[in-house]
Each structure stands twice: as C-alpha cells, then as structure tokens.
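Thanks for coming. I will go through a few local features of this model and then stop for discussion. Here it is.

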Amino acid sequence: MFAEFLQYLFSGLTAGSTYALVALGFTIIYNASHIINFAQGEFLMIGGLGSVMLMQYGLPMPLAIVAAIVLAVLAGILIEKLAIERAATNDIVPLIIITIGASLFLRGGAQFFWGKSIHALPAFTGNTPINIAGATILPQSLWVLGIGAVVVCLLAWFFTRTLTGKAMLAVSHNPNAARLVGINPRFILMLSFALAGALGAVAGAVAAPITLTVYDVGVMLGLKGFVAAVLGGLGSPLGAVAGGLLLGIMEAFTAGYISSEYKDAVPFVIVLLVLFFMPSGLFGSRATERV
Amino acid sequence: MSTAEPLLRIRGLHTRYGAVTALRDIDLDVAQGELVALVGANGAGKTTLLNTLSGIHPHSQGEIHFDGEEISRLKAQKRVARGITQVPEGRQVFGPMSVADNLALGAYVRGRGAAVDRDIDWVYELFPILAEKRRQAAGMLSGGQQQMLAIGRALMARPRLLLLDEPSMGLAPLLIEEIFEIVRNLNADGITILLVEQNAAGALAIADRGFVLETGEITVSGTGRELADHPEVRRAYLGISDVPATENEQDK
C-alpha cells in the first residue's frame, strides 16, 4: 500500500520536475515582457531530439547534450531577434501569436530534418532500478530530480545575487523605472528567451530517456508546463516549481488510483478549475506596494 | 550666467502623442551647477519633457544638447551612462526588491565594484533611514522614505544632470520641506538639477531660475525670485499652492 503510494510519488515528482523547468521558462519570458511563449515546448524537443540526432552524427552523449542546449539557446535568441523584435509592437496578443508561429516553424523544421520517428536517448547511468522502501526508481529519475534541483538553485542564485538577474526582476516589477536606471529592455527580453531555451533544452534532454522524444513531443509538454505555471501563479518562479511538481504528482496519482486513461486530462481539468476559482494561482502576485 | 556652453541646451523641441502635440517649440538652457525649476499645472507637459530628455519618449522635432553633444537620438540607457538620470514621478521604486537591491540597480550602467560600494555607503550617510531598512522590501517603506530611496537610486548612477519629477507629490508638509532641503543640498554639492514641481512656491524658493510650462509651451521664465514675484505666476500657481502663507511673505 505504502510502496504503491511511494511509487506513484516518485513517478509524479520525476514528471513534475520536467514540468517545473518548462514552467520556469514560461515565467522568465512572461516576467520580462508579459509574452506567453508557446514555443517553450519546442525548446524541450530541441534538447531531447537534438541530443539524439547529434549522437547519431557521432558526438558523445555529454557533448551532444551541451550542443543541443546551445542550439535551443540560439533558437530562443533568433525567435526574439528575428520575430519578436522585428514585430516592433508592444501589443501582447500579436507577439503571443508570433510565438505560436515560431513553435510550428521549429516543429516543422525538426520533422523535415530529423524525421517523424520516436527516439530514446540512452539513460545516463544505466537502467537498473533502485529499490527504496518497496518502491523502485530508475537512476534516470534521480538525474531528472537532481538536475532539476541544481537548475532551480542556479536560477535562484542568478536572480538574487547577480546584477543582471536583478535587472531582469526590475524589468518585471517596473519596466519604466528599469529603463530610467539604464536597463535595456531589449537585451533583457533576448536574455529571457535565451534562458528559457536553455531551461527547456535541459529538461528535454534529461527527460528524453524516460519520456522518449519525437518532433512534436513539445506540444503536450509545453502545454503541461504552461498549466503548471498558471497553477503556481503566472510570473512567480516559486509558483512555477511548486505548480510543476504538484501537477506531476496529481497526474501520477490519477493514473495510479483512477485510470491512466485520464492522466493527460488532469492538466486541463486543473487549468479550468484554477481559472474559475483561483485565477492568480498558488503564488500569484499580490500587491506589496504601499502608497 | 557665464558665456560657457550650458550643460543642457534644448532648442525647438516638439514632442507628440499620436496626433496630439504635448510639447511645442521648447527652448531651455540649464547651466552647469544650476538648479532650475519647471512649474506648471497637471497635464502641462512637465513629465513628458523629462521623459523626452531621458529618452523614454521620442521627440518629433528639435535638438537636445548635453555637454555639447546632440543626444536626441540616443537610447535611454546611453543617456543614463552620459550622466542624465531621472527620479520619476510617483517614485517608482522596485517594490518587492530590497532597499539595497534598489540602490545596486541604480548603478546598473556602472556595474559593480568598490566605487559603487562607496557610493552606496554615501547614500546611506545621506539618508540614514535607508541604511536602517536596507534589507526591507522597498514597497513597504513610507512615502517619504520611498522618495529618498528613489533619489538615492538616481544618485547611484553618478548623475551630472538630475531630473526630479514631482518629488513632493503626496507627502506631508514637513516631509516636503525635508525633500526640498535635500534637493538644495545636492545642488550645493555640485549636481545640476532640473526640478519639475506642481508645488511652485517650494520649487521657486530654492531654484536659481524657473520656467512656467502651460499646455506644452514655456510662457514665463526668469530667476526663481522673479517668477515668485510675477503677478501671473502668483495668481495661477502660488495662489493655489498649499505652502504656508509665511513662506510667500518672505519673498516680499
């Protein structure tokens, strides 16, 4: 009974850390610009499928993964430079639609160059399950959890300890005042797309041995990451992590205790409930200004 | 004033919001070391002028010379680096971030280093209350403290020209006096200041020279004293000011 519970928890946390990293990507771009970047899932695909393909071209796995992450960062920067910046508008809706276009473009490109078949990246350190209190966990799940935790710590360090990180926060709190202290909003926006690309690609690469990867893997993962961000409260990094983990756990419990048929419905039921009853999410922005 | 090139020279400046002209043919000089007050009613274009100088709002015509260089096409961040810094209307501190982080961001164009750390200590000396609250979220400070933080943040950029937008707005009379005192001291320390105020009496009392802006045009200009004595200015701006009567009488 407990072993079963633990088993679902492990698989929920594993999926949840992936959602958390995707949700953080949404959060960072949203904070810099209020844009919802619907190409976020495609960064995941580049990270996973890109690693597989680069290995097929002969690169060793660590190098292939690093190269795939670089590729996703470049994709993020190009989307911002060539599509978002060129649009020269501050209206959010057209910019969001541009990101949908970018996601279709990236998906189409992947399908064209890398094909339609499903691939698996080899597990980083073998497939021998580890037994914990009657439940088993794959070594790759530990990689997912560990790298997820490291990435979150690095981000926390970046946003609280570096001037550039603080500048990104400043833009999200007050873009006008940020310009007046000399922060270039275009640079911050480009940086946020680069960071989101890196986050997505890391998530895509570490999860690829478990979830498998294919040119359109980003559609579902991107949507689930978006739901996680909404659940946690759009704009809150803490909320993105909490929302991601919670979503993964709820999915796993639904699949385990009710039916795996309903697993993929969970995020969409949750997003409806959140939007109806708690539109600012778990950690959504509450006013701290005093006038 | 001396015959030397003024620090800021504006000639024939026009700024528009779509089809509406917000500033019309503005000519304005600010000499090195001067404290110049720009008074006028709500909607006269005072904030638009400062935002045009800061590069937040594009100008449509005219020239802005800063220290001899034409800067009207420079981006906002470049102008901060040149030494033009604005303390915006309504303070606009980064609310959820700490006082210390707000000050560090004020020096964004300078980066980090020993000089910046020294300036943070200098700002804490100027405003001891900020040192006390350095770990607190800026949004939790009182209005007067937020104004001090906004000024401190601007000072962190080491401005040569400080643009102040309504620093007295929404503050209690005692605090207003304190803020004007701070502005005067900063000017005495050598910072050139362009002060925008609705509180005309307070601003003209400390200013070397003043300008009146009415619906986007400069209508009256002169020394601070001349403006304070000008019948039009007295009727339109000092009559409705909320400064105690004793201060107005000092001018006689």
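I start with the buried residues of helix α4 of chain A, which pack against α2 and α3 (61–87) of chain A. Contact here means that the C-beta atoms of two residues, placed from the backbone, lie within 7 Å. Helices (H or I, at least four residues) and strands (E, at least two) are DSSP runs, numbered from the N terminus.

Before going on, a word on the source: this is a predicted model, where local features need pLDDT of at least 70, side-chain atom pairs count only at pLDDT 80 or more, and totals for chains, interfaces and linings use all residues. Residues are numbered from 1 along each chain as its sequence is written, while chains are lettered from A and ligands numbered from 1 in the order in which they are written.

Which residues of α4(A) are buried? They are I98(A), T99(A), A102(A), S103(A), L106(A) and A110(A). A residue is buried if 20 or more other C-beta atoms lie within 10 Å of its own, exposed if 12 or fewer, and partly exposed in between, with C-beta atoms placed from the backbone. An α-helix has 3.6 residues a turn, so residues three or four places apart point the same way.

Helix α4(A) covers residues 92–114. Its 23 residues reach 32 Å from first C-alpha to last, close to the 33 Å expected at 1.5 Å a residue; the expected span is 1.5 Å times one less than the number of residues. After α4(A) comes G115(A), with a positive phi near 85°.

Now back to α2(A), residues 40–56, and its other partner on my list, α9(A), residues 217–232. Their axes come within 7 Å and cross at roughly 130°. The two helices are therefore oblique to each other. On the α2(A) side, the contact includes L44(A), M45(A) and G48(A); on the α9(A) side, it includes L221(A), G222(A) and G225(A).

A133(A) is not a glycine, yet has a positive phi of about 50°. Where is A133(A)? It sits in the loop between β1 (130–132) and β2 (135–137) of chain A, and is exposed, with 9 other C-beta atoms within 10 Å. T215(B), also not a glycine, has a positive phi of about 35°. T215(B) lies in the loop between β9 (209–214) and β10 (217–223) of chain B, and is partly exposed, with 14 other C-beta atoms within 10 Å.

That is my list.

Terms used: Axes fitted to C-alpha atoms, helices over the stretch in contact; angles between N-to-C directions. Parallel < 35°, antiparallel > 145°, perpendicular 65-115°, else oblique.
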